[in-house]
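Biologist: Could you take me through how packing and pairing are read from a model?

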Amino acid sequence: MATPSLRIAKANRILATLPRATLDRIIPDLDFQPLMMRQVLQPRGQRLEQVVFPVLGVASMIAMGDSGASVEVATVGCEGMVGLPLFLGGKKAAVEVFMQVPSVGLHLKAAAFQDHLKREPSLVRILQLYTQALLTQIAQCSACNCHHTVEQRCARWLLQTRDRVPSDTFPLTHDFLGLMLGVRRPTVTVAARALQDRKLIRYYRGVITVLNRKGLEAAACECYQLINDEFDRLFGAARRWSAYRNSYHFPDSRTTRG
């Protein structure tokens, strides 16, 4: 088990919001591990054994029908937590969450998580606020999928991903992007090419590079800013947390508490 340092723990926005004394009590139970591409963090219909606080990377929340068709309904990164049904009183989840952009995260076993919920009212409060923000994201993304173009939605999704990774370059295949946007691969190709022709991104062999963030923001629909504003409003101290996080170079999962 790799116990994270205080600095690494505070790179997750939920944990960073907690009082120092509360976080000090939770850190010994956290396990700092790599999060691999396609790794399932929240299985559908199975008993949940842990919650995960991502430090970097992007996890996708996927709704699936009996036919096997699936679509992304939300993303989770360093602002959130995977395993929310355990907080809400459930033991299983109706939606799957898996890693789409790999990185690292903090794992907390279900039993330890429930113990901390009983003892730490500040943890309960911040998870209530996170639940509200996540529901806003789900609702806004649903509206976005109905009313905005694929190119606008693609730009929004790329911005949300860039906010959660340490570099302008990150892995992303056509198949993954199609799943995220709920469209077929040829439609993804057209949208990505349009953004590339405008020199906003470079897309080559499953790797995206953001070349012009301001231009990408202009190309995105208003949903990107609406979702960000809601998280900032509910969490507070947004700029201070962002500056803290961006100033730190994250080590690999072998790092232990120093």
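The dialogue below turns to cores, strands and helices.

Modeller: This is a predicted model, in which local features need pLDDT of at least 70 and side-chain atom pairs count only at pLDDT 80 or more, while totals for chains, interfaces and linings use all residues. Residues are numbered from 1 along each chain as its sequence is written, and side-chain values use heavy atoms, with hydrogens and water left out.

Biologist: Which residues touch the most other members of the largest nonpolar core?

Modeller: A nonpolar core is a set of buried Ala, Val, Leu, Ile, Met, Phe, Trp, Tyr and Cys residues joined through side-chain atoms within 4.5 Å, where buried means under 20% relative accessible area with a 1.4 Å probe, protein chains only. Here the largest one has 51 residues, and Phe53, Leu106, Phe113 and Leu127 touch the most other members. Its largest share, 8 residues, comes from helix H6 (residues 121-147), helices being DSSP runs of H or I with at least four residues and strands runs of E with at least two, numbered from the N terminus.

Biologist: With which residues is Phe113 in contact, leaving aside its neighbours within four places in sequence?

Modeller: Contact means heavy atoms within 4.5 Å, and on that basis Phe113 meets Val51, Met81, Leu86, Phe87, Leu108, Leu123 and Leu127.

Biologist: How many bridges join strands S3 and S7?

Modeller: Two strands pair if DSSP finds at least two bridges between them; S3 and S7 (residues 103-109) pair in the antiparallel sense over 5 bridges, and Val51 has Leu108 in S7 as its bridge partner. Because 4 of the 5 residues of S3 (residues 50-54) are buried, this strand is largely enclosed by the rest of the structure.

How values were computed:
Buried means under 20% relative accessible area, exposed over 50%, partly exposed in between (1.4 Å probe, protein chains only).
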